[in-house]
Amino acid sequence: MAAGEPRDKGGYYFRFLPQRTFSSLSSREITSRLRQWSMLGRIQAQAFNFDRTFQPYQKDDFVMAFFKDPNVIPNLQLLSDSSGQWTTLGTEVKKIEAINVPCTQLSMSFFQRLYDENIVRESGHIVKCLDAFCDPFLISDELRKVLLMEDSEKYEVFSPVEREEFLFCLFKHLCLGGSLCQYEDVLKPYLDTAKLIYKDLDSVGVCYPSPKEHEQTFSYFVVDPIKRHVNVLYHCYGVGEMA
């Protein structure tokens, strides 16, 4: 903010941090997984910092200020619905919807119940099942039944409150992938990738994250109120890079 520039009531000011990179999305091993899951080229993280104390109850003011900030508008990237190319916001945001996502689960032991409930075998292999369809996802194993099918016998392995956790949401997004996702036979790649991304981030038509709503199109704002940083994780459902 320039000297003497007036601050909007309840406003925040942001600065893009292009030097902040996210190794969890760029290492050779992870890009190989993202390619297999049809998410490569459609998922990215960006970092911004901000100038004043953040409190969770201010989330709506915070997010609205973010989308209106002159340092955000030309830098925040998303995939164009028409061209499929990366672009910037390019429109005035008049209304936002922000949801507080709890981050109380910090250990991967959170997913031990998948072994305990025989959704995943001791060997780490995911138990297969008869094919079913939960639009637009093909369900061919017990893991995706737990993630998607509310009438599944083991859906209640995770409570509604637990399903709101950021760690669970991130894990679920990776498991479901993009439109040509090739599912893993074992659990470990999903857990390892979710852990790496989680740690990396923690340190009126709809224009964003996409005009088309989809369970696998998402954007998470991970706010560090101490460092005054906000990391934005974005993914738009579709066909990821194959080569």
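Visitor: Which residue is the bridge partner of Q46 in β8?
Guide: This is a predicted model. In it, β2 and β8 pair in the antiparallel sense, over 7 bridges. Q46 has its bridge partner in β8, and that partner is V232.

Visitor: How many residues of helix α6 are buried?
Guide: Helix α6 covers residues 166–176. Its buried residues include F166, C169, K172 and L176.

Visitor: Which strands are included in what covers the buried residues of α2?
Guide: α2 is mostly covered, with 7 of its 10 residues buried. Among the buried ones are K59, F62 and M64. The cover includes β1, β2, β7 and β8.

Visitor: Is Q58 buried or exposed?
Guide: Q58 sits in the loop between β2 and α2. Leaving aside neighbours within four places in sequence, Q58 is in contact with Y12, R52 and T53. Buried means under 20% relative accessible area. Q58 has 14% relative accessibility, so it counts as buried.

Visitor: How many residues apart are K128 and D185?
Guide: Their side chains meet in a salt bridge, 3.1 Å from N to O. K128 is in strand β5, while D185 is in the loop between α6 and α7. K128 is partly exposed at 47% relative accessibility, and D185 is partly exposed at 44%. The pair links distant parts of the chain, 57 residues apart.

Visitor: Why are D192 and K188 separated by about one helical turn?
Guide: D192 forms a salt bridge with K188, with the closest N and O atoms 2.5 Å apart. D192 is partly exposed, at 25% relative accessible area, whereas K188 is exposed, at 54%. They are separated by about one helical turn because both lie in helix α7, 4 residues apart.

Visitor: How many salt bridges does the structure hold?
Guide: One of them joins the side chains of D141 and R144, at 2.5 Å from N to O. Both D141 and R144 are buried. The structure's total is 10 salt bridges.

Notes: Residues are numbered from 1 along each chain as its sequence is written. This is a predicted model: local features need pLDDT of at least 70, side-chain atom pairs count only at pLDDT 80 or more; totals for chains, interfaces and linings use all residues. Side-chain values use heavy atoms; hydrogens and water are left out. Helices (H or I, at least four residues) and strands (E, at least two) are DSSP runs, numbered from the N terminus. Buried means under 20% relative accessible area, exposed over 50%, partly exposed in between (1.4 Å probe, protein chains only). Contact means heavy atoms within 4.5 Å. Two strands pair if DSSP finds at least two bridges between them. A salt bridge is a side-chain nitrogen of Lys or Arg within 4 Å of a carboxyl oxygen of Asp or Glu.
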